[in-house]
Every structure is written in C-alpha cells, then in structure tokens.
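Here's a quick briefing to read alongside the coordinates. Have a look at the model first, then run through the notes below.

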Amino acid sequence: MKDYQVNDDGYYGEFGGAYVPEILYGCVEELRKNYLPIIQSESFKNEFDGLLRDYVGRPSPLYLAPRLSERYGCRIYLKREDLNHTGAHKINNTIGQILIAKRMGKRRIIAETGAGQHGVATATVCALMNMECVVYMGKTDVERQHINVQKMEMLGATVYPVTSGNMTLKDATNEAIRDWCCHPSDTYYIIGSTVGPHPYPDMVARLQSVISEEIRKQLSLQEGRDYPDYLIACVGGGSNAAGTIYHYVNDDRVKIVLAEAGGKGIDTGMSAATIQLGKIGIIHGSKTLVMQSQDGQIEEPYSISAGLDYPGIGPIHANLATNKRATVLAINDDEALNAAFELTRLEGIIPALESAHALGALGKLRFRPEDVVVLTVSGRGDKDMETYIREMKNK
Ligand SMILES: Cc1ncc(COP(=O)(O)O)c(C=O)c1O
C-alpha cells in the first residue's frame with residue numbers, strides 16, 4: 001500500500017507544502033525545525049500525556065452504542081471526544097501547541113475559530129498557562145455561537161469579530177494570518193485544524209493521533225482485535241478525522257469514510273463539500289482542494305454547521321480522497337439534523353452539529369452484521385442548542 005503520511009518536504013502526494021509570504025517564512029521555518037524534536041522529547045511527552053489524562057479527562061470512552069448498532073445492523077462504537085474538557089477534540093491540539101509555544105519562548109497566542117470550539121480550547125489553555133490570547137472569529141459565527149464567545153471572554157481572551165467575506169472561518173483565518181504578519185517574532189499562531197502551511201497539518205495530526213492510539217488499545221480489549229472495519233469522522237479542516245485515522249491510514253483492512261458538509265446540496269451553490277466541489281489551489285499556505293471559481297476566486301462555503309464551512313481541506317484528506325483511500329460523502333444540513341435527533345433519542349447523546357454529519361453517513365453505507373464501525377463524536381451539542389430547538393419547533 002502507498003504511504004499516506006507526510007513526506008520530508010511536507011507533502012501528502014501532490015498536496016501540502018508551505019506557501020507563505022516572506023514576512024512569515026522565518027516563523028514557519030522556526031516551527032518546522034522545532035516541532036518534531038519538541039514533540040518527541042521526554043519532557044514534552046510527560047507533560048502532554050499528564051495534561052491529557054488529568055486535565056482533559058483522557059482516555060475518552062469507546063462506547064458500543066447498542067440501539068444505534070441495532071438500527072444500522074452492525075457493531076457501532078462511538079469515540080466520545082464530546083466528553084473531553086471544553087466539549088470537543090480541539091483541546092488535544094491546543095494543549096500540545098501551547099506546550100510547543102512555551103518551549104519556543106512565545107508569550108502571545110493567536111487563533112482563528114469557526115464554531116468557537118477551537119477558540120474556547122485555545123482560551124482555556126492560555127488561562128492555564130497564563131498567556132495572552134487573541135481569537136479571530138467571523139461575525140456570522142460570533143452570532144450563531146455566542147455562548148462560546150462569552151466563554152472565551154470569561155477565560156480572559158480578546159475576541160475580534162471579523163466582518164470581511166461571508167464572515168466565517170476562512171475570513172477569521174485570513175485575519176489571524178494578518179495579525180501574525182504584524183507580530184512574527186513574539187506571537188505563536190495556534191491553528192485549529194490540519195490546515196495551513198507545513199508543519200501545521202502534520203503537527204496537528206500528530207497531536208490528535210491520541211484518538212486512534214486509544215481506539216487501538218480500546219478495540220483490543222473490547223473486540224479482541226485492534227482495528228475496525230470502518231472509521232467514520234466528519235471533516236471541516238480535518239483534525240478530528242486525521243486523529244481518528246492516524247494509526248490506520250496505511251492499513252488497508254480499515255475503510256475510511258469522511259463526511260463533509262453538503263449544506264443545502266452540492267449542486268445548490270450553498271455547500272461546503274470541498275473535496276467533491278474543490279479544485280487544486282492554494283489556501284492559507286497549503287496546496288489542496290479549494291472551492292473556487294473558474295478564475296481562481298475562492299467561493300464562499302455554506303453549512304448549517306459553523307465548524308465545517310471552510311472552502312479548503314487538510315492536504316492529508318485531499319490526498320486520501322484523490323487516491324480513493326477514503327470514501328467521501330456529502331451530508332446535507334437536513335440529514336445531519338435528522339442524525340443528531342436520532343442519536344439523541346436512541347442513545348441519549350446530543351452531538352455537535354459537526355459530529356452529526358459523521359452520523360449522517362451511517363445511512364449511506366451498507367454494513368454486514370459482523371462489521372466493527374468506529375465513529376468519532378467530535379463534540380457535544382451544547383453550543384448548537386438554539387439550532388436544535390428551532391428545528392424541533394419546525395418538526
Ligand atoms: C465539534 C467539532 N467537530 C468538528 C469540527 C471540524 O473541525 P476538524 O475537521 O478540524 O475536526 C469542529 C470545528 O470547529 C468542531 O467544533
């Protein structure tokens with residue numbers, strides 16, 4: 001089988017690399033030289049593992065969901081990232097990156113956020129480590145995820161609403177990069193997904209790989225074999241999916257299913273199904289699939305879920321999809337909403353809208369009764385309650 005991990009130049013096949021303005025070259029290069037020696041050092045591993053255990057609450061359970069399994073005719077395990085401190089997988093990455101920032105002598109942290117989960121996770125670790133925190137968030141997302149804005153402010157972060165473009169994740173990322181260009185020496189940019197210039201996609205995937213490391217151990221104990229037949233995760237930029245598949249990408253016994261946001265339908269012009277609609281291009285420092293017009297202008301993505309409406313995709317996933325190593329399904333808003341209500345009623349778990357897209361994939365696949373399926377519930381639904389309540393009124 002092909003090797004689907006990053007190569008020494010920061011590419012996954014033809015995707016990835018580091019396309020940055022000259023002013024940022026020095027800090028991206030500094031990070032590239034330092035991230036592996038830091039991550040692989042004993043002192044980092046001890047501190048990272050200790051915080052994941054005692055602060056985040058890891059390992060997250062691998063829960064065999066009986067009624068959901070019966071509904072889809074196979075054995076479905078849910079990897080419960082929703083039970084992490086701050087309510088999503090994002091904290092695995094922010095803990096890791098703040099430890100890296102500290103070791104690189106940086107004091108000021110910036111971040112972008114869509115759903116607000118990465119912003120909250122960043123503000124949380126900044127409070128923990130006593131660092132200054134600035135978060136950029138599109139104004140549309142500030143409005144639809146306002147509880148998370150209030151949490152970030154309570155944690156001591158400054159949140160800047162961004163009013164360019166359609167005022168969502170892409171625009172917040174543009175603004176964070178602009179800030180970084182103005183403060184290249186003292187500022188560390190904690191990117192929240194497997195996007196951005198190399199080494200970010202690989203660094204974030206490694207920090208999130210604790211998810212698949214745990215799946216391996218938990219499946220061994222619970223199923224008597226350390227691999228599933230299917231891994232299913234939603235993809236915005238791709239970090240919970242990258243963490244879920246990390247130790248299995250080169251194992252062809254394991255089928256990988258990625259659920260992207262179809263929005264109102266991939267042919268409606270209101271979609272965020274980047275892998276299916278995108279063409280090769282460069283966004284935020286990385287060569288990947290990008291939703292763009294004929295003349296290369298980035299097209300505004302749309303999804304009901306603030307964490308999935310990004311017009312690019314992590315280069316690792318662009319490569320898996322192009323080589324047909326992963327099956328990519330577009331899950332529309334209504335399918336995700338139905339899947340969220342189904343999980344809630346069958347298992348008593350209210351998922352984040354993003355995770356509901358992964359759940360929406362179940363109905364599009366055909367399983368055998370003996371199939372072992374692991375689906376990552378990337379976050380909890382607290383932040384999406386207003387959307388769910390509105391949906392209940394319309395039902
Ligand atoms: C709960 C949750 N799941 C998934 C995502 C999508 O991000 P990624 O694809 O990096 O996992 C987000 C992004 O905000 C999120 O909050």
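**Helix packing, salt bridges and a surface patch**

In helix α9, the buried residues are Y200, P201, D202, M203, V204, A205, L207 and Q208. That's 8 of the helix's 9 residues, so α9 counts as mostly covered, with buried meaning under 20% relative accessible area. Keep in mind that this is a predicted model.

**How α9 packs**

- Helix α9 covers residues 200–208, and it packs with helix α1, which covers residues 22–39.
- The two axes sit 10 Å apart, at an angle of about 15°.
- That angle makes α1 roughly parallel to α9, because anything under 35 degrees gets that label.
- As for handedness, α1 passes α9 in a left-handed crossing.

**Salt bridges**

- How many salt bridges does the structure hold? The count is 29.
- D309 pairs with R144, and their closest N and O atoms are 2.9 Å apart.
- This pair ties together distant parts of the chain: D309 is in the loop between β12 (286–290) and α13 (315–322), R144 is in helix α6 (residues 139–144), and 165 residues separate them.
- Is D309 buried or exposed? With a relative accessible area of 2%, D309 is buried.
- R368 forms a salt bridge with D371, where the closest N and O atoms come to 2.8 Å apart.
- Here R368 is partly exposed at 43% relative accessible area, while D371 is buried at 2%.
- Some bridges share partners: R58, K79, E81 and E214 are joined that way into one network.
- D54 forms a salt bridge with R53, with the closest N and O atoms 3.0 Å apart.
- D54 counts as exposed, because its relative accessibility is 58% and the cut-off for exposed is over 50%.

- Which residues make the nonpolar surface patch? I350, M385, I389 and M392 do, and the patch is about 300 Å².
- One of them, I389, lies in helix α16, which runs over residues 385–394.

Conventions:
Residues numbered from 1 in each chain as written. Predicted model: local features only at pLDDT ≥ 70, side-chain atom pairs only at ≥ 80, totals over all residues. Heavy atoms only, no water. Patch = residues over 30% accessible without salt bridge, like charges linked within 9 Å, V, L, I, M, F, W, Y side chains within 5 Å. Areas by Shrake-Rupley, 256 points an atom, 1.4 Å probe, with all protein chains shown as cover. Salt bridge = Lys/Arg side-chain N within 4 Å of Asp/Glu carboxyl O. Helix = DSSP H or I, 4+ residues; strand = E, 2+ residues; numbered from the N terminus. Axes fitted to C-alpha atoms, helices over the stretch in contact; angles between N-to-C directions. Parallel < 35°, antiparallel > 145°, perpendicular 65-115°, else oblique. Left-handed = near helix turned anticlockwise from the far one by under 90°. Buried < 20%, exposed > 50% of the residue type's maximum accessible area, 1.4 Å probe, protein only.
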